[in-house]
Amino acid sequence: FQLLVRHARGVTVTPAGASFLEKARRALDAQEEAERTARSLVRGLNNILEWGFVVAPPGLHSPGPLRALARAHPDIEIRYQELAFPSTPTHAWLWDVDLAVCHRPPADPGVWQRRIAREPRVVLAAKSHPLAAREELTVTEVLDETFIGFHPATDPEWAGFWSLDDHRGMPPRNVTVDRAINGQEIIASLAVRNAITTAPASVAHVATSADKGIVMIPLIDASPADVVLAGSEDRRNPMVDTVVEFMLGLGTGWYGAPSPG
């Protein structure tokens, strides 16, 4: 049967082609997921855990607990991988890692989450920005500022958390032309633009720790950010459970950054 009709203006998919395409995409997605699951099983057999993070490498601000984990479980080898900003579905975003730490990603029935910290949000801006000299800010003072633009693949609710959509009730009126999809792109954009973003304190600490020309300013009345450990339900194994149990056993104070300001 015919899948495509070619004509002077291009190509049109036939009804049969559209139906076949839908099934083919499902088949290819299933094959890709099976391959990723196989790689996860191989890592499990070799006691290797792929630990994902967003922007803030946990070893930079919480090295003590991670060293304690290494001492308690020397048989587990942890490899760290920076993730792009969360996309939906969350279980697909987590495909390449066994465990991730970040501020809460979009809910997904195929993903487990355990909160490990609650931390304040701060404003990030270039040192040349008019707000950079402020010792603290309120949400009302920054709602109408220009914010860094995010890549369309980023989950809108998660991206909106950085732009204070949860306080404004809608996206900001002014955003830059950027399509940031990871922390380095946010930092690069902030350094050269008259724009801001908000971020959890641990992320802000990493972004400003090397004097990249970025400052963080406490946002005193913004709702806090929940930091979680998360992973796909179908990737859970004894090694993942061991790491999660150990980190949760440390309480909610092991993950975080020095207080801003």
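Modeller: A residue counts as lining a cavity when one of its atoms lies within 4 Å of a cavity point. Keep in mind that this is a predicted model. By that rule, β5 gives 3 residues to the lining of the largest cavity, the largest share.

Colleague: How many residues line the largest cavity, and which lie nearest its centre?

Modeller: The lining has 13 residues, and Val54, Cys102, His103, Pro200 and Val203 are the ones nearest the centre. The elements that give two or more residues are β5, α6 (156-162) and α9 (201-208).

Colleague: What is the volume of the largest cavity, and how many cavities of 30 Å³ or more are there?

Modeller: The space in the largest cavity is about 80 Å³. The structure holds 1 cavity of 30 Å³ or more.

Colleague: How do the lining residues of the largest cavity divide into nonpolar, polar and charged?

Modeller: There are 10 nonpolar, 2 polar and 1 charged. Cys and Pro count as nonpolar under the rule in use.

Colleague: Why is α9 called largely enclosed?

Modeller: Buried means under 20% relative accessible area. In α9, 7 of the 8 residues are buried, so the helix is largely enclosed by the rest of the structure. The buried ones are Ala201, Ser202, Val203, Ala204, Val206, Ala207 and Thr208.

Colleague: What makes β8 mostly covered?

Modeller: In strand β8 (residues 196-200), 5 of its 5 residues are buried. In a regular strand the side chains alternate between the two faces of the sheet. On one side of β8 the buried residues are Ile196, Thr198 and Pro200, and on the other they are Thr197 and Ala199, which leaves both faces covered.

Colleague: How do you know that β7 pairs with β8?

Modeller: Pairing needs at least two bridges. Strand β7 (residues 121-126) and β8 are joined by 5 bridges and run antiparallel. Within that pair, Val122 has Ala199 as its bridge partner. Strand β7 also has 5 bridges to β9, again antiparallel, and there Val122 stands opposite Pro218.

Colleague: What is the strand order of the open sheet of 3 strands, and which are its edge strands?

Modeller: The order is β8-β7-β9, with antiparallel pairing. The edge strands are β8 and β9 (214-218), each of which pairs on one side only. On average, neighbouring strands in this sheet are turned by 35 degrees against each other, direction ignored.

Colleague: What makes β4 and β6 edge strands in the open sheet of 5 strands?

Modeller: That sheet has the order β4-β3-β5-β10-β6 and mixed pairing. Strands β4 (77-82) and β6 (111-119) each have a single partner strand, so one side of each is left without a neighbour in the sheet.

Colleague: Why is the contact between Arg79 and Glu50 called a salt bridge?

Modeller: The cut-off is within 4 Å, from a side-chain nitrogen of Lys or Arg to a carboxyl oxygen of Asp or Glu. The closest N and O atoms of Arg79 and Glu50 are 3.1 Å apart, and the contact counts as a salt bridge. Arg79 lies in strand β4 and Glu50 in strand β3, so the pair ties together parts that are 29 residues apart in sequence.

Colleague: Is Glu50 buried or exposed?

Modeller: Glu50 has a relative accessible area of 9% and is buried. Arg79, at 37%, counts as partly exposed.

Colleague: How do you know that Asp165 and Arg168 are about one helical turn apart?

Modeller: They are 3 residues apart in helix α7 (residues 165-168), hence the separation of about one helical turn. An α-helix has 3.6 residues a turn, so residues three or four places apart point the same way. The side chains of Asp165 and Arg168 meet in a salt bridge, 3.0 Å from N to O. Asp165 counts as buried at 19%, and Arg168 is buried at 18%.

Colleague: Which residues are linked in a network of salt bridges?

Modeller: Arg104, Arg115, Arg118 and Asp226 are. The structure holds 11 salt bridges.

Technical notes:
Residues numbered from 1 in each chain as written. Predicted model: local features only at pLDDT ≥ 70, side-chain atom pairs only at ≥ 80, totals over all residues. Heavy atoms only, no water. Helix = DSSP H or I, 4+ residues; strand = E, 2+ residues; numbered from the N terminus. Buried < 20%, exposed > 50% of the residue type's maximum accessible area, 1.4 Å probe, protein only. 1 Å grid on protein atoms, 1.4 Å probe; cavity = no way out; pocket = protein on both sides within 12 Å on 5 of 7 lines; lining within 4 Å. Points joined across faces, edges and corners; volume = space filled by probe spheres on them. Axes fitted to C-alpha atoms, helices over the stretch in contact; angles between N-to-C directions.
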